[in-house]
Amino acid sequence: MTKKSIHILAIESSCDDTSAAILKNDVVLSNVVANQKIHAQYGGVVPELASREHQKNIVPVVQQALVEAGIGKNDLDAVAFTKGPGLMGSLLVGTSFAKSVSIALNIPLIGVNHMQAHVLAHFINDENQNIPEFPFLCLTISGGHTQILKIKSHANFEILGETIDDAVGEAFDKSAKLLGLKYPGGPLIDKFAKKGNKNAFVFTEPKTKNDLDFSFSGLKTAILYFLQKEVKNNPNFIKENIYDICASIQYTIINILMKKLKLASKKTGIKHIAIAGGVSANSGIRKNIKDCEQNLGWKTYVPNFEYTTDNAAMIGIVGYYKYINKSFDTENTLAISRLKIND
Ligand code: KG4
Ligand code: ZN
């Protein structure tokens, strides 16, 4: 007997992207993301505005996901949603919507941990991705997190190191803000870095007590003081050197990430290495990771671009594994803004 296919509606609304996806088992049929442009003018995500935008976007985004997948709401077998971590006002929109869908259609409700989803995006059945072998290490780098994880199974994540202050995405975005670039600045630094000299300027790398932890707040301060000094001598310094500054900042950040990741691989003896999260879209980190296949004998897993920044397909794949294990939530489940990696 052939196994019945499962259709899952997945919803992601943890920060400033409203996303809905439809998965048929582990295959993505649609993955619609509405970016909220409104935050650019404020230089960062404004939580109150984010939740208002989610409210406007959620219904059209879900409708579009169903249309693109070519199925109707009555074909759905379960609804998965981001339970946390994230901004409470944003999480509540997706959580409440998913509960309503579950009750109205009488289908299981599945709460998903956003950080697990970034990692498990690697298990989406997609021709551009390889499925990792357990155990593997995952450098999870986003606007809210920076962690080196040891992944032992679909549900077992051990934190080997993490940031003690800013996340790496914040380091990119805050540096970009100092340069007068719009939010989110990470992709712009990446774009400009390609045209610059990475050795033009040197920024010292912050130290941490635990050698697998990260610290990025000192780097931001170092960049601020450096720019203040240079702009005093030449008011056009940033404009005249934007490519070199971006290349140097990106080079420093990637060096920090790669050193720690290599150390984690050496300490654990694990050579199956993945990257995940919004910053894993960065061209520099993607190239550095790939280079380690040749240099260090790593087997690397770099996600398809579509699954790097926040998206509902990654929520759907966790939903699929939870569906198989019948790990369902009740309508009393709550959004948790500081949800930990194994929760
Ligand atoms: O995973 P994500 O979409 O949201 C969170 O869960 O935080 O990550 C967003 C972060 C932002 O800080 C953004 O600037 C950064 O990912 N980002 C990048 C690139 N694309 C997105 N940073 C550097 N280079 C990129 N190409
Ligand atoms: Zn994320």
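Predicted model: local features only at pLDDT ≥ 70, side-chain atom pairs only at ≥ 80, totals over all residues.

Residues are numbered from 1 along each chain as its sequence is written, chains are lettered from A and ligands numbered from 1 in the order in which they are written, and side-chain values use heavy atoms, without hydrogens and water.

I looked up the strand order and got 8-7-6-9-10, an open sheet of five strands with mixed pairing. Strands here are DSSP runs of E, at least two residues, and helices are runs of H or I, at least four, numbered from the N terminus; two strands pair if DSSP finds at least two bridges. Strand 8 (156-162) and strand 10 (299-301) are at the edges with a single partner each, so one side of each has no neighbour in the sheet. I then checked strand 6 (136-141) and strand 9 (272-276): they run parallel over four bridges, and Leu-139 has Ile-275 as its bridge partner in strand 9.

**The serine.** Next I found Ser-142 in the loop between strand 6 and strand 7 (146-153). Is Ser-142 buried or exposed? It is buried, at 7% relative accessible area (buried is under 20%, exposed over 50%, partly exposed in between, with a 1.4 Å probe and protein chains only). Leaving aside neighbours within four places in sequence, I noted its contacts, among them Met-115, Ala-167 and Gly-277 (contact means heavy atoms within 4.5 Å).
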